[in-house]
Amino acid sequence: MIVKTADTLQALAREILLKGGADEHNADIVAEHLVSANLSGVDTHGVWHLPHYVKGMQAGEIVGTARPEILNETAASALVKGNWAFGHVTAKYAMKAAIEKAKEYHVTVVGLVQACHIGRLGHYVEMAASEGMISMLWAGGFGVEVPATVPYGGRERALHTNPLAMGFPAGEAPPMMFDFATTAVSGVKVLDARRRGDQLPAGCLVDKDGVPSTDPNDYFDGGAYLPFGGHKGYALMMAVEFLGRIFTGSDTFTDVGRGGAIMGHQGVTMIVLKADLFRPLAAFTNQVNEMGDRIRDIAPAPGFEAVLMPGDPESRTRAARKRDGIPIADDVWESIVGVAASLGVQVS
């Protein structure tokens, strides 16, 4: 295990992205986002992705110097076209636009098309929470060309990981937020398990015949992910697909060779509303914190150390890793060192 400070890791990520084809504006945003994900304990969306992003730029799937733009808008809505810039750049731009509109018009909806991988969805709902906003984010379209998940009761791939996120401000306290795929396990965790020879928990996969499996190799041999929570998770997965891809019309913005097979059809919808829409913000956040305290005070069940609110694991990990450094698995570090060497970037 390698341990690096956030500043060291961010500087290295920035240099790799610059040498790989990004400009300074985009490299700064992406490097900050990746390290923020690692700080939050969401290593599947952190610097692990650097080699893949460099390959994406080299293949023309990601345009490292592109900028997003507003394609059309109303007072309380906008459709943002990313022009195949890094998804992190485009999603940050879109969320900032949604927040600014919500400040004036109270409730806003912003759609996002032509965006590459946008990273940790929690990053964006935390942005909104820091401005006293409630937000929801729905991302679909990943399974149009490369389906990965069976529908409930099915044995053939039809959907993908279809993530969603929500965030609620809590005043000076960390926001109540969550960010997860609607599959029982993320794609990166399946890749990591195969690379490391690990098994997955039950209920994550089926093999090519639709039989439940814990072997990550079965996914790559024609198997599929499972929706979390059976038919309930499957229904939520469908809602994400409708709000992400179909609502935004992302299929009409595809561009051969851009975005890659998975991100080429991605559509994202962001819904942002002022937390003080119906009552003073202080009254809202006070009750949020009272509710949080009541939940955290509940005695933990056997096998648990404490009851946490959604968002607590990220905020606790962030504090620990800012203090102690960010741990990076040896194989992940080797891949980062390898892409750095290929670009002539010195790694200390």
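Predicted model: local features only at pLDDT ≥ 70, side-chain atom pairs only at ≥ 80, totals over all residues.
Contact here means heavy atoms within 4.5 Å. Residues are numbered from 1 along each chain as its sequence is written, and side-chain values use heavy atoms, with hydrogens and water left out.

**Helix 12**

- Helices (H or I, at least four residues) and strands (E, at least two) are DSSP runs, numbered from the N terminus.
- Helix 12 runs over residues 330-342, and its 13 residues reach 18 Å from first C-alpha to last, close to the 18 Å expected at 1.5 Å a residue. (The expected span is 1.5 Å times one less than the number of residues.)
- Val332, Trp333, Ile336, Val339 and Ala340 are buried in helix 12; buried means under 20% relative accessible area, exposed over 50% and partly exposed in between, with a 1.4 Å probe and protein chains only.
- Over on the face turned away from the buried side, you'll find the exposed residues Glu334, Ala341 and Ser342.
- After helix 12 comes Gly344, with a positive phi near 80°.

**The nonpolar cores**

- A nonpolar core is a set of buried Ala, Val, Leu, Ile, Met, Phe, Trp, Tyr and Cys residues joined through side-chain atoms within 4.5 Å.
- The largest one has 35 residues, and Ile16, Leu17, Leu50, Phe86 and Ile336 touch the most other members.
- Helix 1, helix 2 (24-39), helix 3, strand 12 and helix 12 each supply at least two residues of this core, with the largest share, 7 residues, coming from helix 2.
- A second, separate core has 27 residues, including Leu112, Tyr124, Met127 and Met263.

**Helix 6 and Leu205**

- Gly187, Val188, Val190, Asp192 and Ala193 are buried in helix 6.
- Strand 8, helix 7 (216-220) and strand 10 (224-225) are among the elements covering them.
- Leu205 lies in strand 8 (residues 205-206), and it counts as buried because its relative accessibility is 0%.
- Leu205 and Val190 are 15 residues apart in sequence and 9.4 Å apart in space, C-alpha to C-alpha.
- Just after helix 6, Gly197 has a positive phi of about 75°.
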